[in-house]
Amino acid sequence: MNASVAVVGLGMTRFGRFPDRSLKDLGGEAVRAALADAHLETEDIEMAFVANAMASIITGQVSAVGQTVLRANGFSGIPVYNIDNACAGSSSALNLAVHAVRAGAAKTVLVLGVEKLVGSSREATYMALNGAADIDFVAGAGIDASRESVFVSAVYPPRLRAYADAHGLSGDVLAAIAVKNRRHAGLNPMAQYTDPVTVEDVLTSKVIADPITAFMCAPISDGASAVVVTSAASVRPEHKPVWIRGSVVGMASAEGPGAAIREVATRAYTEAGITPGQVDVAEVHDSVSFNELLAYEELGFCERGTGDRLVAEEVTSLGGRLPVNTSGGLESRGHPVAATGLAQVIELGHQIRGEAGDRQVPDVRIGLAESAGGFAGGDTAAVAVTVLGSDPSDD
């Protein structure tokens, strides 16, 4: 049985390209927003988990990112743990914070994801991103790792072709996902790209690896996101708690591509005491449109091979039965790698609290976030699934 843990503070920067902003600057903005939302001060934080994946290449800050960012923003003395789990970094950091609170190691914990991908050169950005895959795989992929993404060029296309061979797949479906996410992002003031696009715009944008086009891919982004978590006993009257019903992290599965997400999601549903059909809104890892389509199936929202029906019937659009990526997702909200997982959690937190404005989904009780990062052993290296609720799980 798991002790209840609540998210009581939500804060993030707008995601975008900010060449003149530092990790300290971005991280500080997100932390201050999360503390203000929680009605807390720096002195109330007993422990911190900080996620970053790319600083060593982009900024030269090889280690101690958390300490450098937090010390510059008024923190001292507390234990700080630095987490690198690629794109699943900050959701993994949240998982560790949950464990710490449940274990009684701390009552109130700060979790921060902070990332810069806009650096001295585009080559450095690609080298950093490709470093999230097994370097032996990258070396054997036959690509220029300083000029193209191993994920878009060598990881996703074989999965897409295998799926298309088994179930059929139209480029229009992938484009429609990108259009939907851009439409949602237009309602999100924190999103990187908000101008609407059409299916034709997406299909005629630059081909990255046929049929994947530029508008189907997450952009290069800077940004930070932060949450404050606390024990049930520490929730104050001024708090607006969002309860962590399930938090599970896993690695590449022996069962092959896609299995890791299915396995982690199954464990998260069990921990949360729910079924996929009880999820009201979801944020998933749409680093390319195809990954969102796969997530529908791997998370149990529909049968295998039928994700395109959810797109065609607008089930996953605002106004549909199960809106997905109401924030705009990675494709349009932006994807500053280690900040992405918490950005998903923050979006769900606002949805559950009824604070999402024009993108609000009615009567949200359960939200699910899925983030996935890196590549190892033929599958996604790190997967995190977080289930959030308006009420605590039964202890």
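Helices (H or I, at least four residues) and strands (E, at least two) are DSSP runs, numbered from the N terminus. The model is predicted: local features need pLDDT of at least 70, side-chain atom pairs count only at pLDDT 80 or more, and totals for chains, interfaces and linings use all residues. Residues are numbered from 1 along each chain as its sequence is written, and side-chain values use heavy atoms, with hydrogens and water left out.

**View 1. The loop that holds His-335.** His-335 is found between helix H13 (329-333) and helix H14 (340-353). With a relative accessible area of 8%, His-335 is buried (buried means under 20% relative accessible area, exposed over 50%, partly exposed in between, with a 1.4 Å probe and protein chains only). Its side chain and that of Thr-340 are joined by a polar contact of 2.6 Å. A polar contact is a pair of N or O atoms within 3.5 Å; within protein, one must be able to donate a hydrogen and the other to accept it, and residues adjacent in sequence count only if both atoms are side-chain atoms. Leaving aside neighbours within four places in sequence, His-335 is in contact with residues including Cys-87, His-285 and Thr-340, where contact means heavy atoms within 4.5 Å.

**View 2. The aromatic pair of Phe-49 and Tyr-81.** A search of the whole structure finds four aromatic pairs. Phe-49 and Tyr-81 form one that is stacked, at 5.2 Å centre to centre and 20 degrees between the planes. Rings of Phe, Tyr and Trp (its six-membered ring) pair if their centres lie within 6.5 Å; planes under 30 degrees apart count as stacked, over 60 as edge-to-face and the rest as tilted. Phe-49 is in strand S2 (residues 47-51) and Tyr-81 in strand S3 (residues 80-83), 32 residues apart. Phe-49 counts as buried at 7% relative accessibility, whereas Tyr-81 counts as partly exposed at 40%.

**View 3. The aromatic pair of Phe-137 and Phe-375.** The ring centres of Phe-137 and Phe-375 are 4.7 Å apart and the planes stand at 55 degrees, so the pair is tilted. Because Phe-137 lies in helix H6 (residues 135-140) and Phe-375 in strand S10 (residues 366-376), the pair ties together parts that are 238 residues apart in sequence. Phe-137 counts as partly exposed at 30% relative accessibility; Phe-375, at 9%, counts as buried.

View 4. The 14 residues of helix H10 (residues 259-272) should span 20 Å at 1.5 Å a residue, and the end C-alpha atoms are 20 Å apart, which agrees. The expected span of a helix is 1.5 Å times one less than its number of residues. Among the buried residues of H10 are Ile-261, Val-264 and Tyr-269. The buried residues of H10 pack against strand S8 (242-251), helix H11 (289-298), S10 and strand S11 (379-389). Gly-273 follows H10 and has a positive phi, near 70 degrees.

**View 5. Val-69 in helix H3.** Val-69 lies in helix H3 (residues 65-71) and is buried, with a relative accessible area of 1%. Not counting residues up to four places away in sequence, Val-69 touches Leu-23, Lys-24, Gly-27, Gly-28 and Leu-112. The C-alpha atoms of Val-69 and Leu-26 are separated by 8.9 Å, the two residues being 43 residues apart along the chain.
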